[in-house]
Amino acid sequence: MLKFNIRGENVEVTDAIRDYVVKRISKLERFLEPNVEANAHVNLKVYPNRTYKVEVTIPLPYLTLRAEETSNDMYGSVDLVTDKLERQIRKYKTKVNRKSREKGYKNLEFVDTPSEEVEASDSLKIVRTKQIPLKPMDSEEAVLQMDMLGHDFFVYQDAETNGTSIVYRRNDGRYGLIEVN
């Protein structure tokens, strides 16, 4: 069940816009686990040149979906963002299903831990701390997760070696792998 948090920047979120956003993004529920409850954070922006930007973030226990789209039509941007999110879900589920059949995983459990903010008094300040469980996966799935999150690196547990590994995006656009011994 998706709950919506819809914000507008330089635009009033009317009932018509709200209803359209809820109607379109609610269609994604058919791809989600039956008992999953998630908050969909929707940010609508209007720029001075009359372009509209729609940003949607849906943190799930096992995946964070995020997409943004800019166009000359608010409703068109909502449609394009919904299509992007649907492609992300399909890609993720296809990849997980294929890997689980190949490797024989059964009943993988995903645990979400809340993040908390921490400040240090030194010159280097840590402004956010996240605690995540390391899920067993291979490097391809880790790269997929990293790309979906929009991060430059991703830490995971290697399914073959049970060791901690890190994939990262190199400056040349390719990917690197660090295996921790």
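These are my notebook entries on a predicted model.

**Ground rules.** I number residues from 1 along each chain as its sequence is written. In this predicted model, local features need pLDDT of at least 70 and side-chain atom pairs pLDDT 80 or more, while totals for chains, interfaces and linings use all residues, and side-chain values use heavy atoms, without hydrogens and water.

**The sheet.** I looked up the strands (DSSP runs of E, at least two residues, numbered from the N terminus) and found four in an open, mixed sheet, ordered β1-β2-β3-β4; pairing takes at least two DSSP bridges. β1 (2–9) and β4 (64–71) are the edges with a single partner strand each, so one side of each has no neighbour in the sheet. I then checked β2 (38–46) and β3 (52–59): they pair antiparallel over six bridges. Val42 sits opposite Val56 in β3.

Helices here are DSSP runs of H or I, at least four residues, and contact means heavy atoms within 4.5 Å.

**Lys45.** Buried or exposed? Lys45, in strand β2, counts as buried at 17% relative accessibility (buried is under 20%, exposed over 50%, partly exposed in between, with a 1.4 Å probe and protein chains only). Beyond four places in sequence, its contacts include Glu9 and Tyr52.

**Rings.** I found one aromatic pair (Phe, Tyr or six-membered Trp ring centres within 6.5 Å; planes under 30 degrees apart are stacked, over 60 edge-to-face, the rest tilted). Tyr20 and Tyr75 are edge-to-face, 4.8 Å centre to centre with 85° between the planes. Tyr20 is in α1 and Tyr75 in α2 (residues 74–103), so the pair ties together parts 55 residues apart in sequence. Tyr20 is partly exposed at 23%, and Tyr75 is partly exposed at 33%.
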